[in-house]
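I opened the model today and kept notes as I went. Here is what I looked up, entry by entry.

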Amino acid sequence: MAVDAQTVEKLAELARIAISEETIDEVSSRLGDVLQLVDQLQAVNTDGVAPMAHPLDEVQVLRKDEVTEPNRREDFLALAPQTEAGLYLVPKVID
Amino acid sequence: MEWEVVIGLEVHVQLATQSKIFSGASTAFGAEPNTQACAVDLAMPGTLPVPNEEAFRFAVMFGLAMNAEIGKRSVFERKNYFYPDLPKGYQTTQLEQPIVGAGQIEIHLEDGSSKTVRLHHAHLEEDAGKSLHEDFHGMSGIDLNRAGTPLIEIVSEPDMRSAAEAVAYLKKIHSIVTYLGISDGDMSQGSLRCDANVSVRLKGEEELGTRTEIKNLNSFRFIEKAIKVEAQRQIDLIEDGGKVTQETRLYDADKNETRSMRSKEVANDYRYFPCPDLLPVVLTDDYVEQIRSELPELPDAKCARFEKDYGLSAYDADQLTQERATADYFEQVAAKSGEPKLAANWVMGELAALLNREEKSIADSPVSAEHLAGLIARIKDNTISSKIAKQVFEAMANGDGDADTVIEAKGLKQVSDTGAIEKMVDDVIAASTSQVENYRNADPDKRPKMMGFFVGQIMKASKGQANPQMINKILKEKLDALL
């Protein structure tokens, strides 16, 4: 069950992944394989089984409300391609 | 055709925690850019979020104050979209199992009526960073200090029918979160922000019209104006044979209009899924009951108590309890002066006008509750008249000390000396022969009204300091003696 090319293109756009024309067919059939596996899983009768939000049947541990992180701005800024006045610079985004 | 406006609000409230919702970075406002953005907030590879227990406690407090169901098992999900102020490529939020479920609150309108607004749910999520678009050589500057600040998003049902109702609802939310102390509620700093979903339909129609969402409204005034102008736009559009498009719009305060934000962009497809980095958060009944037992007195309860204990009108009690700081101030003045009604009048009258004029909050009031109580005590014991009290109040606002100091220094003490007042009355009567003549010849029913002239003259002669009750009494005796 292949996923059509249009869906692949839309998913790639949403995920900001570049997929070249030549590879669309391959990606489409691979995604199809994944969906087939999901179909297989969905065939299992799960009546009366509560859905899980996480594969581990555990409960989240919370932390105390304390400031524990020091300012490491210069270290982080040094990793960015472009910075100015303590800000990370990115291609202009106007919504 | 009669149209009905239908409004639902999504309110984002920044929680007043010390640290972020998933990291130990500070949430303090106003720091240098990116000095409070740690590896977790920046989505560095290998980092993992750990939720802040205080954010949950605050959210539960809010849920209880909204008479809502508490999600004893809540689940974080990823809302996927790309924007530079959100380095992970998704916002960690809640969808299917939020911390606060359905609830309801009562809102109070200007005309004195009340209305119930239903809460759809409220969920915990992280705030995004800020994008700055000016002066970066055609690029955008990103400050991630705000990224990861805990928010509760409060989603109402579409229960509001006018801009005024929307504002009343928002004021109620503001009042509740500040009473609880879970947010500073400062709209100018973005601690409380609002998106409005607005649609119109013909009155009597059951089906909802197509809605638009107005984003990022950050003052009560703009919310009211934006909703009004957007509802009118939709009505005009439909009456001209057009159709409302479901879209996100932005309010332009300068032009007082809304405009479409995203015209070409494909519809958002957030592909929510449970966040694999976070386990479900489970709260016990004991935990929730403990928080319930620690809730402070909330606006509605305080309002009812003010009506009952202080004999205030419903309107006055409501006005005084909208802000916790105002309510606390009033209670101090009422207790110290022993005159709750006078205290209410002064807090809502002269004091409110003063704060408004000086653009100050009641916490920074130039006149302390103690000083105002002292002033009211002097009105009560007839040391000064209400009129002179206003003069004393102005002096206290200028920092001239407490009421007694001002009264003493300016010699404003009310004249209650019978001899002195009798003399002033005699002088005025002697100087007003024609008015006295008119008084004598007037119909007895008209006479009480005619006394106003003499009272005015005597007050003027005493520079407003003569005791008005005594003037009235002595004047009447002397005039009647002339009949």
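Chain A as a whole has a mean pLDDT of 91, with 97% of its residues at 70 or more.

Ground rules: this is a predicted model, in which local features need pLDDT of at least 70 and side-chain atom pairs count only at pLDDT 80 or more, while totals for chains, interfaces and linings use all residues. Residues are numbered from 1 along each chain as its sequence is written, and chains are lettered from A and ligands numbered from 1 in the order in which they are written.

The A–B contact: I get 32 residues from chain A and 43 residues from chain B, counting two residues as in contact if their C-beta atoms, placed from the backbone, lie within 7 Å. On the chain A side, helix 3 and strand 2 (87–91) of chain A are the elements giving two or more residues. Strand 2 of chain A supplies the largest share, five residues.

Strands count as paired if DSSP finds at least two bridges between them. Strand 2 of chain A runs antiparallel to strand 8 (residues 139–143) of chain B, with four bridges, and A:Pro91 sits opposite B:Met139 there. Within chain A, two bridges link strand 1 to strand 2 in the antiparallel sense, and A:Thr83 has A:Tyr88 as its bridge partner.

The sheet of chain B: what is the strand order of the eight-strand open sheet? I read 5-6-9-1-10-11-12-13, with mixed pairing. Strand 5 (103–108) and strand 13 (257–260) of chain B are at the edges with a single partner strand each, so one side of each lacks a neighbour in the sheet. Strand 1 (residues 3–14) and strand 9 (residues 150–156) of chain B pair antiparallel over five bridges, and B:Val13 is partnered by B:Ile152 in strand 9 of chain B.

Terms used. pLDDT = per-residue confidence, 0-100.
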